[in-house]
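Me: I want to go through the aromatic contacts in this model. Give me each value and the cut-off behind it.

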Amino acid sequence: LGMQVLDLEALACHKGSVFGHLGEKPQPSSEQFRNLVAMHWAGYDPERFVFLEDEGSRIGDVSLPAPLFRRMRAAQLIVKLDVPLELRIQRSLAVYGSYGARLLGEAVSRFEGHMGKKRTGELLDHIARGELRPVCEAALRNYDKAYEHHLYKERDMEVMLSVSVSSMDAAVIARDVLSVSGPRELLVSSSLPSSPVRKNTSRTPRFLTESRSLASPDGAEGGCASPVQPSPVQPMQSGSCYCGAVRMQVQGLPAVVSICHCSICRRLSGAPFVVSALFKPSAVEVASSGSGGVELLETRTSSAVVRQRCASCYSPVAALLGERFTAVPLAAFDWAGSPAPVSWQPKHHLHYASRVISVRDDLPKYVGCHGGKLWQETQETQAEATAAPDC
């Protein structure tokens, strides 16, 4: 296929969720698993990316080798597959729906520690009646919270790229993944000193992890279906302020889309929260829609954050978050009356402890900044009123 792929779940005989053992052989020991990984690793070209799924430290009962896990967490590129919920439900039902009420019930029973006895009992009742779709949807939403936290924890969002998935055709997904990873691999390879390609070398191949956090409970297909020629072309999206005097154009897909409840965002917008999409500064262009220069008003809300507004209508235009990211308001863009595509949908809440209204959804909710403590719905009212520092 032309790409280096390490299928950790195939080697571990487990798909990584409570359902992951279904249809699999008995798992190897952790020592056997490490040996299998080492055998595959010895044949890789150290000058090329290695595609892996973004696993946790364990797959079922098998532990990942600690050095491998650390390297995965420090991957040079992470490709997020943004898959619509309906496609994920269809795929999960196709993979697990035939295993019968007893096996599925045993697996779902393991959710009790996370969902509680009452909710788990409701899911078991669905299984007993043969109603698998609501069980599948609940499982996906439950895993999404943990996957999203795992994806972003202590990672640099600059290494993340998103790929929108509209079908479960592995060949199509592979082409889309390679279209964004290929240019990055060429860039990294061109920056290295030339050396002969050697197998069984002690040098470590570079990592590209393929995140499953937005794919399915057992992950997206980790392999590449066919070799393709990488293309650096990225989609463009345009937006504007209320009066149209200022135009914003962004290239590529957002690194992340956040719902912020901090007091600064609330007071500057007059809304209970603000939804923003983050891009690298080089991917954002703010310009005048006419022949003259763009006129902006700037407000510095912290040592690292400068917020820009149109000088005519005062609409928010962008927030400069230091040198790493530029945030643009989601409301400044439209898609011809349709909802925003999956890659532009919010992925989490920030500063949820500072909120003025509660939001009932299944997105992860951070007490303060991204990657910090997650909000727990069962916290006492006194803790709920404790506000985290604003962004």
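Me: What separates Y143 and Y147 by about one helical turn?

Reply: The model is predicted: local features need pLDDT of at least 70, side-chain atom pairs count only at pLDDT 80 or more, and totals for chains, interfaces and linings use all residues. Residues are numbered from 1 along each chain as its sequence is written, and side-chain values use heavy atoms, without hydrogens and water. Y143 and Y147 are four residues apart in helix α8 (residues 132-152), so about one helical turn separates them. Helices are DSSP runs (H or I, at least four residues), numbered from the N terminus.

Me: Why is the pair of Y143 and Y147 called stacked?

Reply: Rings of Phe, Tyr and Trp (its six-membered ring) pair if their centres lie within 6.5 Å; planes under 30 degrees apart count as stacked, over 60 as edge-to-face and the rest as tilted. Here the centres are 5.5 Å apart and the planes at 15°, so the pair is stacked.

Me: What makes Y143 and Y147 buried?

Reply: Buried means under 20% relative accessible area (1.4 Å probe, protein chains only). Y143 has 12%, so it is buried. Y147 has 6%, so it is buried too.

Me: Which residues do ring pairs link into a cluster?

Reply: F19, Y96, F111, Y143 and Y147.

Me: How many aromatic pairs does the rule give?

Reply: Eight. One of them is W41 with Y44, edge-to-face at 5.4 Å centre to centre and 80° between the planes. W41 is buried at 18%, and Y44 is buried at 9%.

Terms used:
Buried means under 20% relative accessible area, exposed over 50%, partly exposed in between (1.4 Å probe, protein chains only). Helices (H or I, at least four residues) and strands (E, at least two) are DSSP runs, numbered from the N terminus.
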